[in-house]
Amino acid sequence: MKLLIINGPNLNMLGIREPDIYGKRTYADLLTYIENLCKNENLEAEVFQSNHEGAIVDKIQDAYGIINGIVINPAAYTHTSVAILDAVKAVGLPTVEVHLSDVSKREDFRKISYIRNACIKTFSGKGFDSYKEAILYLKDYLK
Ligand code: DQA
């Protein structure tokens, strides 16, 4: 079982950006966290981060026929991107939406999620553990 974990813009700035919201752990810490989790769960995972909408669309398209499922934190593109939503719909791969913060309790514009229309589930508000919940959910779904 091979998963693709996609992280959108500014997530590479974890540890520096708004630590009161996103925590003090860095993006490298998140990669280690995901790597350890996948190792323990016997999952093959590729992690991809980009600040560019088109690069994320390309990555989703490239997953077609190669990847079994996607975990995506589109970051700010969650609230704006029809292109990323359409890419997920185009490949038809089971996809789980994830957020570090609880987007439902923040500004109104963060309550809108385009990607959610194509996702089987959303996990948010639990920091790195949101990724754990998403990966375990997807693993179970794909069994
Ligand atoms: C985020 C929430 C988004 O609203 C924000 O733009 C991000 C990160 C999260 O993980 O909590 O960049 O997706």
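A charge sits over a ring if NZ of Lys or CZ of Arg is within 6 Å of the ring centre and within 35 degrees of the ring normal. This is a predicted model, in which local features need pLDDT of at least 70 and side-chain atom pairs count only at pLDDT 80 or more, while totals for chains, interfaces and linings use all residues. Residues are numbered from 1 along each chain as its sequence is written, and side-chain values use heavy atoms, without hydrogens and water.

**Exercise 1.** Which ring does the charged end of Arg25 sit over?

Solution. The charged end of Arg25 lies 3.8 Å from the centre of the Phe128 ring and sits over that ring.

**Exercise 2.** Describe the surroundings of the ligand.

Solution. 
1. List the shell, with a heavy atom within 4 Å as the criterion. Its members include Arg17, Tyr22, His79, Leu100, Ser101 and Arg110.
2. Sort the shell by residue class: five are nonpolar, four polar and three charged.
3. Look for polar contacts (pairs of N or O atoms within 3.5 Å). A polar side-chain atom of Arg17 is 3.0 Å from a ligand oxygen. For Leu100, a polar backbone atom lies 2.8 Å from an oxygen atom of the ligand. An N or O atom in the side chain of Ser101 is 2.6 Å from a ligand oxygen.
4. Take the cover: of the 320 Å² of accessible area (Shrake-Rupley, 1.4 Å probe) that the ligand has on its own, the protein covers 98%.

**Exercise 3.** How many disulfides are there?

Solution. 
1. Apply the cut-off: two cysteine sulfur atoms within 2.5 Å. The count is zero.
2. Check Cys38: the nearest cysteine sulfur, that of Cys119, is 18 Å away.
3. Cys38 is buried at 4%, and Cys119 is buried at 16%.

Technical notes. Polar contact = N/O pair within 3.5 Å; in protein donor to acceptor, adjacent residues only side chain to side chain. Nonpolar A, V, L, I, M, F, W, Y, C, P; charged D, E, K, R; others polar. Buried < 20%, exposed > 50% of the residue type's maximum accessible area, 1.4 Å probe, protein only.
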